[in-house]
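Let's take a friendly walk through this structure, from its sheets to its helices and a few single residues. Please keep the sequence and the 3D view at hand.

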Amino acid sequence: MKVAIIGGGASGLACAITLKRENPKIDVTIFEKLDQPGKKILATGNGRCNLSNFVISEEYYNGDHEIIHTVLDDFDVVNALEFFNSLGLKIRDEEGRLYPYSMNASNVVALLTNEAKRLKIKINTNCKVEALDSGLTINNKYKFDKVVLALGGKAAPQHGTDGDGYKLLKSLGIKYQPISPALVQIKTAEDVKELKGVRFKGVLFLRDEDDDDDKPIKFQEGELLFTDYGISGIPAMQLSGDVAQMTAKGEKPLLNICFTPDLGLSDINEYLDNQQDKGIKNEEMLYGILNEKLAKYIYDKNNGDTNHIALDIMSLPLTATGTKGYKDAQVTRGGVGSDELQENSLQTKKIPGLYITGELLNVDGTCGGYNLHFAWGSGIKAAKEIANA
């Protein structure tokens, strides 16, 4: 059996290695358009490579729940640790996030590529797949029995994932859900340039512009960062996929920032009253709880009205206009859904023998190693399906 894997990233390498381990007689070829496989892996986790997470659950994923179940039911954290151990990779745990013990992504890529070489997997680098037909012929030249699409999405195109997979899907008549950037910074309508660089721990709420009740769509807590275009930090990135989808539909999602999640409105009002009793009348009255730049911004915005100042400290309103683009995004939201796949499988309905893994599927995870976990798991799932065929 001859199997082609288009894309030499996390899911492609995991798929190839598992295939050869399951059946050494299978002829496996990876087509990678860059000069070496695994380049995007090098950039994950700020170069430290957040491989997975001790807590793997559906709640940490967005998208098609059938596909999420299909992959996670066969690939939990124990399976991930077994795979890393089989490569000779020691793991370091940082508050549940799993990293290579060296804290260096290059070690992960080296071990994966060394194992691929040991198993005699062919890796064709600088080899872009321009065409794939329903007969599983690549570039009108190379015929295969099975093909795995593991090209990734459009996020971080500087690392090779520039959307080639979607072109192949379209050419094959395989539909996919609209795509957008995710795990990326959020842009706001309000001018917050003067707050650029201000970091703080707070809660970011996402609301619908037409939502009359006070219940947010989602919220995230953690360290946030003001930029010259809006807001960044892990909470903003966690909500960015929803913001991108909403703004793509013409909606105007609303954001609210709580700067004092452990203090209530009465606590803030009491604090402000005490400051005024001391004779402090300008933005300095806020220095005990807010960064100086932020204190000035909120004080000036409300012309010194302490009632409105207190409300903004509890829930500063912002309007999201969109997100930064794919170049700054960590992952792509959207992709091929379960309606295009065989039941409990990553094999397509329209083209038997064609499998789809990783970011091309309609699944994206939150920060914390969840996207790489899904990449490994979906690649391994496809490999085992092929080996058992």
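## The five-strand sheet

Five strands make up an open sheet in the order β7-β2-β1-β10-β19, and their pairing is parallel. Strands pair here if DSSP finds at least two bridges between them; helices (H or I, at least four residues) and strands (E, at least two) are DSSP runs, numbered from the N terminus. The edges are held by β7 (122-124) and β19 (354-356), each of which has a single partner strand, so one side of each is left without a neighbour in the sheet. From one strand to the next, the twist averages 20°. Axes are lines fitted to C-alpha atoms, for helices over the stretch in contact, and angles run from 0 to 180 degrees between N-to-C directions.

A word on what you are looking at: this is a predicted model, in which local features need pLDDT of at least 70 and side-chain atom pairs count only at pLDDT 80 or more, while totals for chains, interfaces and linings use all residues. Residues are numbered from 1 along each chain as its sequence is written, and side-chain values use heavy atoms, with hydrogens and water left out.

Within the sheet, β1 (residues 2-6) and β10 (residues 146-149) pair in the parallel sense over four bridges. Ile5 stands opposite Val148 in β10. Helix α11 (residues 370-388) packs on this sheet, where it touches β1, β10 and β19, and its direction makes about 160° with that of β19. Contact means heavy atoms within 4.5 Å.

## The three-strand sheet

There is also an open sheet of three strands, ordered β3-β6-β5, with antiparallel pairing. Its edge strands are β3 (52-53) and β5, each with a single partner strand, so one side of each is left without a neighbour in the sheet. The two pairings can be set side by side:

| Pair | Sense | Bridges | Example partners |
|---|---|---|---|
| β5 (residues 91-94) and β6 (residues 97-100) | antiparallel | four | Asp93 and Leu98 |
| β3 and β6 | antiparallel | two | Asn53 and Arg97 |

β5 and β6 form a hairpin with two residues between them, and Glu95 in the turn has a positive phi of about 55°.

## Helices and their packing

Which residues of α6 (residues 164-171) are buried? They are Asp164, Gly165, Tyr166, Leu168 and Leu169, where buried means under 20% relative accessible area, exposed over 50%, and partly exposed in between (1.4 Å probe, protein chains only). These buried residues pack against β1, β10, β11 (177-182), β18 and β19. Just after α6, Gly173 takes a positive phi of about 75°.

The axes of α1 (residues 10-22) and α5 (residues 105-118) come within 10 Å and cross at roughly 35°. On the α1 side the contact is made by Leu13, Ile17 and Arg21, and on the α5 side by Leu112, Glu115 and Ala116. By class, this contact has four nonpolar, no polar and two charged residues. Ala, Val, Leu, Ile, Met, Phe, Trp, Tyr, Cys and Pro count as nonpolar, Asp, Glu, Lys and Arg as charged, and the others, Gly among them, as polar.

Arg333 sits in strand β18 (residues 331-335) and is buried, with a relative accessible area of 5%. Its side chain makes a polar contact with the side chain of Asp364 (3.1 Å). A polar contact is a pair of N or O atoms within 3.5 Å; within protein, one must be able to donate a hydrogen and the other to accept it, and residues adjacent in sequence count only if both atoms are side-chain atoms. Not counting residues up to four places away in sequence, Arg333 touches several others, including Asn62, Pro178, Ser180, Asp242 and Gln245.

Thr306 lies in helix α10 (residues 306-315) and counts as buried at 15% relative accessibility. Leaving aside neighbours within four places in sequence, Thr306 is in contact with Asn269, Leu272, Gln276 and Met285.

Glu283 belongs to the loop between α8 (265-277) and α9 (292-301), and is buried at a relative accessible area of 18%. With neighbours within four places in sequence left aside, Glu283 is in contact with Ala295, Lys296 and Tyr299.

## The whole protein

Overall, the protein has 11 helices and 20 strands. Of its 389 residues, 53% count as buried.
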